[in-house]
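Q: I'm new to this structure and would like to learn how to read it. Could you walk me through it, one feature at a time?

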Amino acid sequence: PFIATRLIQHLVTSNPSPRYVGDVAEAFRTGTYSDGVNTFGTGTYGDLEATVAAVFLDDEARSTTLDADVTHGRAREPLLKLIHFFRAMELDTEDRRSREVDLIYLKDKIGQESHYAPSVFSFFLAEYQPIGPVLDMNLVAPEAQLFDAPKLIGFLNGMTNL
């Protein structure tokens with residue numbers, strides 16, 4: 001369940017149901033997953049094809065009715081928000097030459113910097129519960145650990161200055 005929970009938390013929702021975690025853990029254990037039409041995996045313990053298929057093809061990952069549920073989903077990490085914004089705005093150089101964008105000192109500004117996670121488990125604790133409604137409902141919001149006031153203001157200022 002540990003690997004299943006972490007994969008679901010990072011890819012789909014911060015608070016997966018026990019059934020969802022169980023299905024993904026079972027796919028990891030057996031090495032196969034069937035969505036009713038297709039079967040994924042080789043039958044080998046730890047098969048990632050079966051595990052990832054279980055994560056993304058489960059009803060809980062794809063159901064549009066869960067979009068209305070305030071406890072479903074997850075916050076997007078600040079670094080991913082920034083990268084997604086750059087892609088949406090089709091960031092390019094004036095002369096159209098391909099080059100890397102240097103995103104230095106982001107840790108101090110938005111709480112994350114690419115390739116500088118303080119732990120192999122990421123920039124935040126998977127069990128983090130911010131004070132307020134999330135804690136009151138005994139839910140988790142791992143990405144919210146990065147949203148303190150100075151970094152949130154810095155992120156918003158940076159985005160409006162682009």
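Q: Let's begin with a single side chain: is Phe28 buried or exposed?
A: The idea is to look at relative accessibility, where anything under 20% is called buried. Phe28 comes out at 18%, so it counts as buried. Keep in mind that this is a predicted model.

Q: And Tyr45, buried or exposed?
A: Here the cut-off to remember is over 50% for exposed. Tyr45 has 60% relative accessibility, so it counts as exposed.

Q: How many aromatic pairs does the structure hold?
A: There is one. Phe28 and Tyr45 make it, with their ring centres 5.2 Å apart and 70° between the planes, which is an edge-to-face arrangement. The two partners come from distant parts of the chain, 17 residues apart. Phe28 sits in helix α2, residues 18-30, while Tyr45 belongs to the loop between β2 (39-40) and α3 (48-57).

Q: What is the overall secondary structure of the protein?
A: You'll find eight helices and two strands. Going along the sequence, they follow the order α-α-β-β-α-α-α-α-α-α. To picture the extent, the C-alpha atoms fill a box of roughly 50 × 45 × 30 Å along the principal axes.

Q: Which residues touch the most other members of the largest nonpolar core?
A: The general idea is that nonpolar side chains tend to be buried together in soluble globular proteins. In this structure, the largest nonpolar core has 14 residues, and Ile8, Tyr20, Val24, Tyr33 and Val55 touch the most other members. Helices α1 (2-11), α2 and α3 each supply at least two residues of that core. The biggest giver is α2, with five residues. There's also a second, separate core of seven residues, including Leu79, Leu106, Ile110 and Met159.

Q: What does Tyr33 touch, leaving out residues up to four places away in sequence?
A: Listing the partners is a handy way to see a residue's surroundings. For Tyr33, they are Ala27, Asn38, Thr39, Phe40, Ala50, Ala53, Ala54, Leu57 and Asp58.

Q: How do I read a residue that falls between the two accessibility labels?
A: Between the cut-offs for buried and exposed, the label is partly exposed. Phe56, with a relative accessible area of 39%, is partly exposed. You can find Phe56 in helix α3, and beyond residues up to four places away in sequence it touches Leu11, Val12, Ala61 and Arg62. For a sense of distance, Phe56 and His115 lie 25 Å apart in space, C-alpha to C-alpha, and 59 residues apart in sequence.

Q: Where is Asp23, and what is it in contact with beyond four places in sequence?
A: Asp23 is in helix α2. Setting aside neighbours within four places, its contacts are Ala54 and Asp58. Asp23 is partly exposed as well, at a relative accessible area of 30%. As for Arg74, its C-alpha is 20 Å from that of Asp23, and the two are 51 residues apart in sequence.

Q: What do the numbers for the whole protein look like?
A: Of the 162 residues, 32% count as buried. The accessible surface is about 10,800 Å², and carbon and sulfur atoms own 56% of that. Among contacts with a separation of 6 or more, 52% join residues 24 or more positions apart. On the charge side, there are 14 positive and 23 negative side chains, with the centres of the two sets 5 Å apart.

Methods. Residues are numbered from 1 along each chain as its sequence is written. This is a predicted model: local features need pLDDT of at least 70, side-chain atom pairs count only at pLDDT 80 or more; totals for chains, interfaces and linings use all residues. Side-chain values use heavy atoms; hydrogens and water are left out. Rings of Phe, Tyr and Trp (its six-membered ring) pair if their centres lie within 6.5 Å; planes under 30 degrees apart count as stacked, over 60 as edge-to-face and the rest as tilted. Buried means under 20% relative accessible area, exposed over 50%, partly exposed in between (1.4 Å probe, protein chains only). Contact means heavy atoms within 4.5 Å. Accessible areas come from the Shrake-Rupley method with a 1.4 Å probe; for residues, only the protein chains shown count as cover. Lys and Arg count as positive and Asp and Glu as negative; His and the chain ends are not counted. The place of a charge is taken as NZ of Lys, CZ of Arg, CG of Asp or CD of Glu. A nonpolar core is a set of buried Ala, Val, Leu, Ile, Met, Phe, Trp, Tyr and Cys residues joined through side-chain atoms within 4.5 Å.
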